[in-house]
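Dear colleague,

I am handing over the structure below. Notes on what was found in it follow; please read them alongside the coordinates.

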Amino acid sequence: MSEDNYMIGDHDLNNIILISKGKNFMIRESTKNGNVPISFKLYHMNSPFGIEKYAYKELVNFEITGKDKYNSAYNNYAKIKQLDEYFKTANAYTKHFNIDDKQYKSCLREKEEYDPMVRIHLKKRNRDIQTVFLKKGLTIHPNDIKGKVCNINVELGDVWYTQYHYGIILYVTEIEIS
C-alpha cells in the first residue's frame with residue numbers, strides 16, 4: 001500500500017518529524033540536509049483587519065478572496081486544505097500523543113456567507129517580531145497591512161494540543177503589500 005502524496009511546494013509532508021518544544025511540537029521536514037522548516041508562499045491574500053491579538057498572540061487573519069474565480073486564490077485555498085487533510089489523519093502524532101479522542105481544529109475559518117480566512121501567527125523570537133513587512137521592497141510599519149492585498153511567506157510552525165483538541169500553527173515570515 002502506498003502513502004498518499006502530500007506535497008507543499010518542494011516539501012514532502014510524509015517526511016515530517018515533530019520535535020518537542022514545551023507543550024507544543026515543532027514541525028520539520030527530515031531531509032538529507034537535516035531537519036528543515038516547511039515554508040511556502042500564498043499570493044493575493046487580503047488582510048482586512050491587519051494585526052490582531054488573540055489569546056496573547058499576535059496574528060493576521062488573511063482572507064482568501066475569490067477562490068471560485070481566481071486561480072491563485074484557489075491554489076492558496078487548496079494548500080491550506082491539503083495541510084488540514086494531512087494533519088487530521090497524520091500518524092506522526094502517535095509517538096507523541098493520541099489523537100483518537102481529540103478533534104482537529106483547522107486554522108482555516110469557513111462560513112458560507114464569507115470568503116474563507118486563514119489564521120496565521122506573526123513569527124517571533126522571544127518577544128521580538130521577526131516577520132518582515134514590505135511594500136515595493138521597502139520596510140513598512142506593520143499596521144500598514146490593514147485593508148491591503150499581500151503576498152506572504154508562510155512557515156509550518158507547530159502542532160498544539162489540549163485535552164480535547166489539536167491543530168497546527170502557521171507563521172508568517174514575510175508580508176509584502178502587492
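Does Lys123 count as buried, partly exposed or exposed? At 22% relative accessibility, Lys123 is partly exposed, where buried means under 20% relative accessible area, exposed over 50%, and partly exposed in between (1.4 Å probe, protein chains only).

Before the rest, two notes on conventions. This is a predicted model, in which local features need pLDDT of at least 70 and side-chain atom pairs count only at pLDDT 80 or more, while totals for chains, interfaces and linings use all residues. Residues are numbered from 1 along each chain as its sequence is written, and side-chain values use heavy atoms, with hydrogens and water left out.

Salt bridges

A salt bridge here is a side-chain nitrogen of Lys or Arg within 4 Å of a carboxyl oxygen of Asp or Glu. The count by this rule is 8.

Lys123 pairs with Glu155, with 2.7 Å between the closest N and O atoms. Lys123 sits in the loop between strand E11 (117-122) and strand E12 (124-125), and Glu155 in strand E16 (residues 148-161), so this pair ties together parts that are 32 residues apart in sequence. Glu155 is buried, at 10% relative accessibility. Helices (H or I, at least four residues) and strands (E, at least two) are DSSP runs, numbered from the N terminus.

Lys88 and Glu85 form a salt bridge at 3.4 Å, N to O. Both belong to helix H1 (residues 71-89) and are 3 residues apart, about one turn of the helix. Lys88 is partly exposed at 37%, and Glu85 is partly exposed with a relative accessible area of 37%.

Glu58 and Lys53 form another, at 3.6 Å, N to O. Glu58 is buried at 17%, whereas Lys53 is exposed at 64%. A network of salt bridges links Lys53, Glu58 and Lys124.

Whole chain

The protein chain has 1 helix and 17 strands. Its radius of gyration, taken over C-alpha atoms, is 16 Å, which agrees with the value near 16 Å for a compact globule of 178 residues (the globule rule is 2.2 Å times the number of residues to the power 0.38). The C-alpha atoms fill a box of roughly 45 × 40 × 35 Å along the principal axes. Of the 178 residues, 42% count as buried.

Among contacts (heavy atoms within 4.5 Å) with a separation of 6 or more, 65% are between residues 24 or more positions apart.

Regards
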